[in-house]
Amino acid sequence: MTGRHTLAATHIGVAIAAFGVASAMGVLQALSIADVQFPLRSESYYYLAVTAHGVLMALVFTTFFIMGLGYVFAQESLGRMTGRRIAWVAFWLAAGGSVMAAVTILRGQSTVLYTFYPPLQAHPLFYIGATLLVVASWIWGGVMIASYRSWRREHPGVPVALSIHGMLATIIIWYLATFGLAIEVVGMLIPWSLGLVDKIDPLLARTFFWWFGHPLVYFWLLPAYVLWYYVLPQVAGGRLFSDRLARMVFILFVLLSTPVGFHHQFADPGISSGWKLIHTVTTYAVLYPSLVTAFTVIASLEVAGRMKGARGLFDWIGRLPWSDPFFASVALAMIAFAFGGFGGAINAAYAMNAMVHNTAWIQGHFHVTLGTTVALSFMGATYWLLPRLIGRELRMLPLARLQPYLWFAGMVLFSTSYHIAGLRGMPRRVYSGTLTGEYGESWQALTVVAAVGGTILFLSALAFLIVVVATWTTGRRIQPPPPFEFATALQPPATMGLWDRFGLWTAVAILLVALAYVYPLLTLLAHPRYGSPRFQPF
Amino acid sequence: MQVELYERIWMWAAAGIIVLFLGAIGLGAALQAIEPPGHLETVDPTALADHAEFGAPAVTTRDDGAIVVPVVATMFSFSPDPIEVPANHPVTFRVTSGDVIHGFDVVGTNANVMAVPGYVTRFTVTFRRPGEYLIVCHEYCGVLHHNMVGKLIVK
């Protein structure tokens, strides 16, 4: 293993291990919902698996992968990492916290799903473990910012690499988001779970959760965007179409990704319709940077096709490296996001949300977005990263080439059927979709198709894991490892511009979060409220 | 900032789409009062049994003709069950929970809200088609969550 990247490689290894366990939990759920009988199937295990799948995928896999990716870019784009030792401390904190939370889940003491809405109460170590993971990610953000500042002192006035620009945006969003989470978990859930206070306000906790819960999505998505903007055009053999707009996109996410949480609470009491409408406006505004991304990234790919001699309107598409596992993964992830984005616009639609809220549509939606756009980008990135990080050639290339297509095919079946089942009223997260009466019947065929899709997804996950493990253990050593090469822009920026002013934009972002949350929270706090005692019905 | 012509066209189009979407939502909210629940009213979730309205929840017709349905969701059922309401008449639901967070979704209609302990979720809906409707809980509430269903009869 090449020493410089040991830290990053270790993070990515842990992320992939969490992904593997979570994938197994996922396929069992899909089978259970379709009412397929298998040994050990039970209600308790089903909801335990939902919790483990959610926590391991949404919090552990993503956080470790993003931390690892950040360290790669610090090393390659800044040529340094300030505070390597403390970064290792953060790694062990994150690993310890994740194991702590995972053990309480697997022992059946924390079947509260990854949303952990009180008054469902988990084991105290579930909340404490999750807190350690988040604290570790804060340290990671600090290491990244310190590395950037050290670089900046030596390079005044020079625009930083787009990778670092994107990672800094990710980190700012993460700090804004986890501020809400910290209030909920440290201020409310931990004291309550330890018995220091008797009661908890479920709505207040839920509001802080969604303060965190939606920007969490952009914490996952922005590192994927960094890969799309900064690596994909290079792998495809092209140029980044517009560097300036890419920088603008990341800043718009810093501004708009947090003041949107009420769109997860349209169906909740206690928050006025007017404030829900305000969060609807910001939610639609945050579509904008993704629409710009769609143009810039696809234009960059067209440049790649034309540099390889493509003529005509669509000729360039066929000239792209569809058999490269990184390229195929990211390209398919982008196609999935086109559909996921439109689904998201429906979820965000204030009143139309009532048709899909908490139905199977939602699990269909976040499996095309998080489960494909982000997860497939990260899997593809692993194929690109591994040889460079550990100095070994990718093993079983044909399997790696097939794997993204398999994932995409499985997801089309899985996600489409749950979208339709949701429109027919099937609730999400049910042990079995075969409820009584005609509704159960109209859902059942769809849940079976979803189970077939889920099985294909699991096979694809297995293929990914096999390639990774084989490469890590028996890949042919390459010395020196292949270099990291990043996309250059058609017009590289010569000077820093408005979109490089992180201090300014962070201040505006904080102001927007305050405008979006302070008044409705004060309204809630000023009203006489009753708390809820604990419940552990699992 | 220099932006290529096609990209500039796309950026304006993207902004246009977003304004169009928001315009549709705004018109629906302003002209047809299509909006989610939004009032703030609290109730003690540990004392629902003694509560005048939620102690023994039942469909009531108020003096002004308004039909009000208090609903209590508890693991793993809804009360009252079944709920019987007339067709083509606005019905105001007042939903709360006696334990954890539940969902209250009348399948095939746009009656779909959360039942949060300590709070009352109020919304009004008019059912056009008579018949029997399935009510499901759509928020995980414990090990028998999937069995938590109820019935709405529209006459």
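Trainee: How do the axes of helix H1 and helix H3 of chain A cross?
Mentor: The axes of helix H1 (residues 6-33) of chain A and helix H3 (residues 84-106) of chain A cross at roughly 10 degrees and come within 11 Å, where axes are lines fitted to C-alpha atoms, for helices over the stretch in contact, and angles run from 0 to 180 degrees between N-to-C directions. Helices here are DSSP runs of H or I with at least four residues, strands are runs of E with at least two, and both are numbered from the N terminus. H1(A) and H3(A) are therefore roughly parallel to each other, a term for angles under 35 degrees, with over 145 counting as roughly antiparallel, 65 to 115 as roughly perpendicular and the rest as oblique. This is a predicted model, in which local features need pLDDT of at least 70 and side-chain atom pairs count only at pLDDT 80 or more, while totals for chains, interfaces and linings use all residues. Residues are numbered from 1 along each chain as its sequence is written, and chains are lettered from A and ligands numbered from 1 in the order in which they are written.

Trainee: And which residues meet there?
Mentor: From H1(A), A:Leu7, A:Thr10, A:His11 and A:Val14 meet A:Arg84, A:Ala87, A:Trp88, A:Phe91 and A:Ala95 of H3(A), a contact being two C-beta atoms, placed from the backbone, within 7 Å.

Trainee: What does chain B come to in secondary structure?
Mentor: Chain B has one helix and 10 strands, and its C-alpha trace spans about 70 × 35 × 30 Å along its principal axes. Of its 155 residues, 38% count as buried.

Trainee: How many residues does each chain give to the contact?
Mentor: Chain A gives 63 residues and chain B gives 55 residues. On the side of chain A that touches chain B, the elements giving two or more residues include helix H2 (43-78) and helix H15 (437-474) of chain A, while the largest share, seven residues, comes from H9(A).

Note on methods
A residue is buried if 20 or more other C-beta atoms lie within 10 Å of its own, exposed if 12 or fewer, and partly exposed in between; C-beta atoms are placed from the backbone.
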